[in-house]
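User: I'd like to go through this structure with you. Can we start with the sheet and then move on to the helices?

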Amino acid sequence: MLLREAQRALKRFDVLTLFPGIFRGPLQESILRRAQEGGLVEIRVHDLRSWTRDRHHVVDDEPYGGGAGMVLKPEPAFEAVDELRQGPKSTVIVLSPQGVPFSQGVAERLAKEDHLILLCGRYEGFDDRIPRGLGALELSIGDYVLTGGEIPALVLLDAVTRLTPGVLGDSTSSQTDSFSAGLLEYPQYTRPPVYRGMAVPPILLSGDHKAIARWRRKEAIRRTLERRPDLLARAVLSELDRALLAEVEEEEAAPSEGEPRKNEELTTDH
Ligand code: J9Q
């Protein structure tokens with residue numbers, strides 16, 4: 001065991017941002033903290049402004065062709081990456097709304113890399129020569145407008161760090177793939193058996209493990225159908241799964257009484 005730990009390669013992240021303070025709190029808590037303290041990952045956060053050469057540390061400029069807002073200029077980003085890059089073992093990533101979608105699959109591939117350099121954009125964006133000239137992988141965490149790439153970078157740091165060998169305990173690591181399995185998780189319950197009039201489904205207290213497994217699979221399918229039909233369409237379903245889906249579709253056509261109505265106003269993407 002000791003030998004295996006000694007052979008474990010340290011994973012390194014260098015983050016380039018105009019707001020290093022955004023990272024301080026999130027990196028000092030929970031699993032991200034423990035991964036760093038345990039020497040499994042090293043996360044360095046750098047102020048992009050320290051790669052400016054002018055008196056006023058200017059990092060942005062007006063867009064060619066006109067338009068509102070300012071654009072991150074290329075020099076600080078290129079000079080920072082030149083200094084931090086460790087040859088071909090470094091992967092440069094730019095977080096931007098123009099990126100390809102970040103996903104569990106992308107996180108799994110990035111977890112195999114030795115060194116990631118993350119560049120966080122701000123303002124209206126950056127000079128397009130930055131991602132192009134750096135050979136960067138441009139990633140988006142989703143279709144909403146943020147004030148900058150810092151929170152997306154934290155999302156990536158979290159998703160990739162937890163996949164790094166040794167970061168999660170053995171019991172949790174086997175659960176890692178629940179999302180990649182293609183369905184949402186089944187509903188979980190703990191004590192008390194009734195809370196504010198809401199009872200735990202009696203089957204979970206039955207001790208019938210076969211029936212519980214079937215119920216859980218069915219509820220996972222129900223949730224996925226209701227909330228993420230896109231996932232269900234691409235999921236690999238067994239014969240039993242198909243039967244459970246048919247049961248769910250029947251039940252959903254005639255919804256049971258006594259359930260509070262879902263807030264469709266907020267659960268539908270308009
Ligand atoms: C830099 N909205 O949004 C979603 N993924 C990344 C981003 C983003 C943003 C603004 C600036 C990144």
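Analyst: First a term: two strands count as paired if DSSP finds at least two bridges between them. Note also that this is a predicted model.

User: Fine. What is the strand order in the open sheet, and is the pairing parallel or antiparallel?
Analyst: The order is β2-β1-β6-β5-β7, an open sheet of 5 strands with parallel pairing.

User: Which strands stand at the edges?
Analyst: β2 (41–47) and β7 (137–140) do. Each has a single partner strand, so one side of each is left without a neighbour in the sheet.

User: And what does the twist average from one strand to the next?
Analyst: It averages 30 degrees.

User: How many bridges join β5 to β7?
Analyst: Strand β5 (residues 90–101) is joined to β7 by 5 bridges, and the two run parallel. As for a specific position, P101 stands opposite S140 in β7.

User: Now the ligand. Which residues surround it?
Analyst: The ligand is surrounded by L95, S96, P97, G121, S140, I141, G142, V145, L146, G148, G149 and P152. S140, the residue opposite P101, is therefore one of the residues around the ligand.

User: Which element gives the largest share of that shell?
Analyst: β5, with 3 residues.

User: What is the shell like by class?
Analyst: It has 6 nonpolar and 6 polar residues, and no charged ones.

User: On to helices. At what angle do α9 and α11 pack?
Analyst: Helix α9 (residues 209–227) and helix α11 (residues 239–253) pack at about 60 degrees, with axes 9 Å apart. The two are therefore oblique to each other.

User: Is their crossing left-handed or right-handed?
Analyst: The crossing of α9 and α11 is right-handed.

User: Which residues meet there?
Analyst: From α9, R217, K218, I221, R222 and L225; from α11, D241, L244, L245, E247 and V248. By class, this contact has 5 nonpolar and 5 charged residues, with no polar ones.

User: What about α3 and α7, at what angle do they cross?
Analyst: Helix α3 (residues 30–37) and helix α7 (residues 150–161) cross at roughly 65 degrees, and their axes come within 10 Å. The crossing of α3 and α7 is left-handed.

User: Which residues make that contact?
Analyst: I31, L32 and A35 of α3, with L157, D158 and T161 of α7. The residues of this contact divide into 4 nonpolar, 1 polar and 1 charged.

User: Back to α3 for a moment. What is phi for S30?
Analyst: S30, which lies in helix α3, has a phi near 55 degrees, a positive value in a residue other than glycine.

User: Why would anyone remark on that?
Analyst: Because most residues other than glycine have a negative phi.

User: Last one. Where is the cis peptide bond?
Analyst: It joins R191 and P192, with omega about 0 degrees. P192 lies in the loop between α8 (170–173) and β8 (194–195). For context, most peptide bonds are trans.

Conventions. Residues numbered from 1 in each chain as written. Predicted model: local features only at pLDDT ≥ 70, side-chain atom pairs only at ≥ 80, totals over all residues. Axes fitted to C-alpha atoms, helices over the stretch in contact; angles between N-to-C directions. Helix = DSSP H or I, 4+ residues; strand = E, 2+ residues; numbered from the N terminus. Parallel < 35°, antiparallel > 145°, perpendicular 65-115°, else oblique. Left-handed = near helix turned anticlockwise from the far one by under 90°. Contact = placed C-beta atoms within 7 Å. Nonpolar A, V, L, I, M, F, W, Y, C, P; charged D, E, K, R; others polar. Near = placed C-beta within 6 Å.
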